[in-house]
Amino acid sequence: MKDKSIIFALLLGLIVTSCNDYLEVQSPSEYDDKTVYSNVSLAEDAVINIYSYFAQTNSHRARYMPYYGMNTDAEVYYDLASPNSDEKASLCSYGAFQANGWMGSGSSVNSYTCFFNGIEVANCCIDGIRNYGNPDKNADMAYLLGEALALRAQYYYDLIRAWGDVPARFAPVTGKTLYQAKADRDVIYKQIIADLKEAANYLPWPGASKRTSTTERVNKAYALGLRARLILMAEGYAERPNSLDDPVGYCVRRSNDTELTGLPLLQEAYDDLKNIIDNANLKLNATYESIWNELCQDVITSNRESIFEIPFASGRGRFFYHFGVYHKTKSSHLSVANKGGQNCPVPTLYYEYDQGDERRDINCVPYKWNGDGYTLDNLGTGQAHPGFNFGKYDYERMNRVVNSNDDGVNLPVIRYADILLMAAEIANELGDLAFAKKYLTMVRQRAFSQADCAEHVTAYINSINGKDAMLRAIQKERLLEFPGEMLRKQDLIRWNILGREVKATAIKMKQLKARTGAYSMVPHDVYYRTVDGKFEYYGLARGENAVPKGEGWRKLDYDFITVAVKENDLNNFYVNDPNSRQYWPIFQTDIDASNGSLINNYGYR
């Protein structure tokens, strides 16, 4: 059972932010820094509180997680009717605007400020443990220092993904540093890449200590894996302003800092990933489906495929509320109706998979829940509209009951398949095609039965000749492996193919709806039935044109594909060139609170 205490560690007084110079005011209810950070128990309470900012109402729980990274070749937001004015849709369709009340409303601060609050708590912990915790001689304090460094890097990773250049805060706030302008993101990249290298020296491998026995506390494999992910981001392409005080001019380019774009740093990332592969005692789950059964059933033990998950207690976390299979009615695992189905696989994703790829029927399912079971019947409009959902996120995989919008399912951050595919990508870049093929094979062969491996794994891998072909294969594999895990947008950005793939996906959806081009052989008639409690469907995949054999099949009275590809998706998938809107603006509430120190770039108003 997951440790529900982590995300809601409410501490005595102001232990968690005990910094003597925080705004240069000492609260009489605070412990002093020396008392807190020289005591392992108190210091651990303070570090645990860094996690709590992931679960704030307007943080990952209900603002960042549901909207960052949507509308790619993998994911689409369900309601694109008014992308220029609707505050939620605009975040997903490359039409975000500065005066977005949804991102600056509510009883708590928005994601941008919330992440910086988490960073501030981390800064206090890092400063306090370095000064008073004696981490060089105390292994417990060393772990806590590594944990704080890693979590600070995670918050900056999320900030850079959504906003690009942001202020660089690596010390507790004082009255003199309360207002800061943006820093070049390369300054932040260098700091957190170095921090994660240091953190990895303090953190045990997964399962090697009590603290790392679960996926809800950071570990060495997570620190090294996040470091590799950040190195790939830092050395890749991204939208960058001509200068930080230029509100309009920008270009998409790689960094000009050769320390970030040279081969030595890539080699470091490759060495880190090989260290994980050789020494972390991690493994791929035997089946792709078992990953998501374990996630839904709150399995948090280490030394599986899952390396680190942001922990949510049962009363927090809305992952399934947004990403789950739509439930029009209650079920034995859901006591409230009309949940799920807001964030969906883009309809064309289903047709990117080879026949026999197990991942397709887990990542892209056409059914919804209504009454006492799954159905393909037309349930109406809005969230219930026929279309694909992420079958990996399904209330029916749970072994408990969800009683509100919050489902308590952890947010997956990094798993072993990502380690292997990053290793494949970097090996390929460094000229080691043989090892790139090895790591790609490890991920791909899990997706197919032994009978299908000869064609879809062995022959496929053998057909890859050269560096460019290998990169394309890795890009495709990441599309098939990680949909709905909110990695795709950043992947497309760093490869400099975001605009190309978003525009191509919009064209593909039109072709799918009209059944032209590559979709000319997609069937029109779809059937479904339930046999011995198992829901089955037929007629979506290419080649499924005959009437299915067996009894009990029911033919739909509408064209699933024509309805699933909505007109709003076709017309409003992107409202600006995606490469001109790779990042959100800093929203008005944060601009107003910055005392003039922050501006928006990229032509935002």
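The crossing of helices α5 and α6 is left-handed, a term used where the near helix is turned anticlockwise from the far one by less than a right angle, right-handed being the clockwise case. This is a predicted model, in which local features need pLDDT of at least 70 and side-chain atom pairs count only at pLDDT 80 or more, while totals for chains, interfaces and linings use all residues. Residues are numbered from 1 along each chain as its sequence is written, and side-chain values use heavy atoms, with hydrogens and water left out.

**Helix pairs**

Two packed helices are described by the angle between their axes and the distance between the axes. Axes are lines fitted to C-alpha atoms, for helices over the stretch in contact, and angles run from 0 to 180 degrees between N-to-C directions. Helices (H or I, at least four residues) and strands (E, at least two) are DSSP runs, numbered from the N terminus.

| Helix pair | Axes come within | Crossing angle |
|---|---|---|
| α5 (residues 111-132) and α6 (residues 139-163) | 9 Å | roughly 155 degrees |
| α10 (residues 263-279) and α14 (residues 416-429) | 9 Å | roughly 140 degrees |
| α14 and α17 | 9 Å | roughly 165 degrees |

Angles under 35 degrees count as roughly parallel, over 145 as roughly antiparallel, 65 to 115 as roughly perpendicular and the rest as oblique. Helices α5 and α6 are therefore roughly antiparallel to each other. Their contact (heavy atoms within 4.5 Å) includes F115, F116 and I119 of α5 and L144, L145 and W163 of α6. The residues of this contact divide into 17 nonpolar, three polar and three charged. In this division Ala, Val, Leu, Ile, Met, Phe, Trp, Tyr, Cys and Pro count as nonpolar, Asp, Glu, Lys and Arg as charged, and the others, Gly among them, as polar.

Helix α14 takes part in two of the tabulated pairs. With α10 the arrangement is oblique, as follows from the angle, and the crossing is left-handed. Among the residues that make this contact are L266, Y270 and L273 of α10, together with I419, L420 and A423 of α14. By class, the contact of α10 with α14 has 13 nonpolar, no polar and one charged residues.

With α17, by contrast, α14 is roughly antiparallel, given the crossing angle, and this crossing is also left-handed. Here D418, E425 and E429 are among the contact residues of α14, and K467, R478 and E481 are among those of α17. The classes in the contact of α14 with α17 are seven nonpolar, one polar and seven charged residues.

**Salt bridges**

Side chains of opposite charge can pair when their charged atoms come close. The whole structure contains 48 salt bridges, each being a side-chain nitrogen of Lys or Arg within 4 Å of a carboxyl oxygen of Asp or Glu. One of them joins R359 to E481, with the closest N and O atoms 2.8 Å apart. R359 lies in the loop between β5 (343-345) and α13 (360-363) and E481 in helix α17 (residues 467-481), so the pair ties together parts that are 122 residues apart in sequence.

**A three-stranded sheet**

Three strands form an open sheet in the order β10-β9-β11, with antiparallel pairing. Strands β10 (534-538) and β11 (554-555) stand at the edges with a single partner strand each, so one side of each is left without a neighbour in the sheet. Two strands pair if DSSP finds at least two bridges between them. Strand β9 (residues 527-531) pairs with β11 over two bridges, and Y528 has R554 as its bridge partner in β11. The pairing of β9 with β10 is antiparallel over five bridges, with Y538 of β10 as the bridge partner of Y527. These two strands form a hairpin with two residues between them, and D532 in the turn has a positive phi of about 50 degrees.
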